[in-house]
Structures are given as structure tokens and as C-alpha cells.
Amino acid sequence: LETLLHELQDRTQLLSQLSHRVPGVIYQFRLYPDGRSCFPYASERMWDMYEVHPEEALHDASCVIARIHPQDVQAVLDSIETSATNMLPWRHEYRVVLPQQGTRWRFGDAVPERLPDGSVLWHGFITDITERRLHQERTHRLAYYDPLTGLPNRRLLIDRLERELAHLRRCGRLGALLFIDLDNFKQINDARGHAV
């Protein structure tokens, strides 16, 4: 019995160390049939991800949901509902707005389990992906916008044209394209300067 108790203490200590050292929050999220939700378990990293202590969300997840960016909250809720309905893994990228950290990006990944009372319990992990998203946005900007003027470049124009042509083909519709060109634009640059 003493050996079993010692092993249990070791495993508890290991779980505690893991949950404190991983770069994100380990959690359980429960959605009840009546729409209520809560976090029955969340590691201390809940504070890093949402600036909410785990015990604040133990019986009511609304304090966490309130931290989701207003433009992203409906998509997050819809993705949770889709996961619950189809019992598929939940994976979603979204922004949060935090009192101390400001706007940050989060990525959540969880596996659902239907409970006997009809509620769904997810076991998952949420981590910060802000740096990755900022890098993606910078790369996109460099690829599709002129660094001097900030205007869309030819690559973006071709990308948009290809998308629109594909859409027209799928819908069986026709389209038209109008180009406007300025003659002797170089003279304006030479006489007035590039800034003008």
C-alpha cells in the first residue's frame, strides 16, 4: 500500500510539473445540453492564455468566452457546436483581447467525448500562436503589397483574378475586366516626385 501511495504521489507530481511547463493550457471543457459551459479542469497556464484563473471558469466558462475577440467569438462558438454535433476533434485559431497582454492569437486542439447526461467533454490544449500569425501576415504583406506605396502589387491582382475566374467557372457565369492606365506617369513622378 505504501509503494502504491508513493507511485501515486510521483505521478501527481509529474502531472503538476508537466502542466506548469508546457507552453499552453491543458484543459477540459464541458458543454451541457442546455448550452451552459465550464472548464472542469484547467492548468495554471489558463492565466497566460486568457488572464483568467482556472477556478473562475470551473463552473462557468463565460469569463473565458468574454476574452475572445468580438470578430472571432461567433466562429469559435460555431466550431465548438460543429465538433459537438459531429463528435470530431476541435481545432481552431482565434484572437483574444486581454487586459494586460492586449490582442493575441490562440490555437486550440481538443478531442470530444459524449457523456451519459448528453453533455460533451473536450480534453485539449490551447497555446499562443501570436508570433507565427504576425510572421504570416508580414510574409503575406511582402508578397502582395508594394513596400514603397503600400498598394496591392501585380501578384495580388493575378491572385484575385484567378480566384474570380474560378468562381465564375463554378457558377457558369461570365465576367468583365476593365483596366485603366495613366499615360506618361513617369513624367508625373519625375516632375512632382514619388511621394506625390
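Here is a walk through this structure, from its sheet to its core and its charged pairs. Keep in mind that the model is predicted.

Let's start with the sheet. Five strands make up an open sheet, ordered β2-β1-β5-β4-β3, and their pairing is antiparallel. The edges belong to β2 (37-42) and β3 (90-98), each of which pairs on one side only. If you ignore direction, neighbouring strands in this sheet are turned by 30 degrees against each other on average. As a reminder, strands of a sheet pair through backbone hydrogen bonds, either parallel or antiparallel.

Helix α5 (residues 130-144) lies across β3, β4 and β5, and runs at about 115 degrees to β4.

Now zoom in on β1. This strand is mostly covered, with six of its eight residues buried. On one pairing, β1 is joined to β5 by eight bridges, antiparallel, and here Phe 29 stands opposite Trp 122 in β5. On another, four bridges join β1 to β2, again antiparallel, with Leu 31 opposite Ser 37 in β2. β1 and β2 form a hairpin with five residues between them. Look in that turn for Gly 35, which has a positive phi of about 100 degrees.

Moving along the sheet, β4 (residues 102-114) and β5 (residues 120-128) run antiparallel and are joined by nine bridges. Pro 112 is found in β4 and stands opposite Trp 122 in β5. Is Pro 112 buried or exposed? Its relative accessible area is 13%, so Pro 112 counts as buried, the cut-off being under 20%. Setting aside neighbours within four places in sequence, Pro 112 is in contact with Ser 83, Met 87, Leu 88, Pro 89, Val 120, Leu 121 and Trp 122. For a sense of distance, the C-alpha atoms of Pro 112 and Val 52 are separated by 23 Å, and the two residues are 60 apart along the chain.

What about the nonpolar interior? In soluble globular proteins, nonpolar side chains tend to be buried together. Here the largest nonpolar core has 25 residues. Those with the most contacts inside it are Tyr 27, Phe 29, Phe 39, Tyr 50, Trp 90, Tyr 94 and Trp 122. At least two core residues come from each of β1, β2, α2 (46-50), α4, β3 and β5. Take Tyr 50: leaving aside neighbours within four places in sequence, Tyr 50 is in contact with Val 64, Arg 67, Tyr 94, Val 96, Leu 98 and Ile 126.

The loop between β4 and β5 deserves a stop of its own, and Ser 119 sits in it. Ser 119 is buried, with a relative accessible area of 0%. Which side chains make polar contacts with that of Ser 119? One is Arg 30, at 3.0 Å, and another is Asp 117, at 2.6 Å. Not counting residues up to four places away in sequence, Ser 119 touches Arg 30, Leu 31, Tyr 32, Pro 33, Glu 113 and Arg 114.

Asp 117 and Arg 30 also form a salt bridge with each other, their closest N and O atoms being 2.7 Å apart. Asp 117 lies in the loop between β4 and β5 and Arg 30 in β1, so the pair ties together parts that are 87 residues apart in sequence. Asp 117 itself is partly exposed, with a relative accessible area of 41%.

The salt bridge count comes to 12. Another one pairs Asp 128 with Arg 104, where the closest N and O atoms are 3.1 Å apart. Since Asp 128 lies in β5 and Arg 104 in β4, this pair ties together parts that are 24 residues apart in sequence. Asp 128 is partly exposed at 26% relative accessibility, and Arg 104 is partly exposed at 22%.

In helix α7 (residues 185-192), Asp 190 and Lys 186 are four residues apart, so they are separated by about one helical turn. These two form a salt bridge with the closest N and O atoms 2.9 Å apart. Asp 190 is exposed at 55% relative accessible area, and Lys 186 is exposed at 57%. Finally, Glu 93, Arg 132 and Arg 133 are linked in a network of salt bridges.

Terms used:
Residues are numbered from 1 along each chain as its sequence is written. This is a predicted model: local features need pLDDT of at least 70, side-chain atom pairs count only at pLDDT 80 or more; totals for chains, interfaces and linings use all residues. Side-chain values use heavy atoms; hydrogens and water are left out. Two strands pair if DSSP finds at least two bridges between them. Axes are lines fitted to C-alpha atoms, for helices over the stretch in contact, and angles run from 0 to 180 degrees between N-to-C directions. Contact means heavy atoms within 4.5 Å. Buried means under 20% relative accessible area, exposed over 50%, partly exposed in between (1.4 Å probe, protein chains only). A polar contact is a pair of N or O atoms within 3.5 Å; within protein, one must be able to donate a hydrogen and the other to accept it, and residues adjacent in sequence count only if both atoms are side-chain atoms. A nonpolar core is a set of buried Ala, Val, Leu, Ile, Met, Phe, Trp, Tyr and Cys residues joined through side-chain atoms within 4.5 Å. A salt bridge is a side-chain nitrogen of Lys or Arg within 4 Å of a carboxyl oxygen of Asp or Glu.
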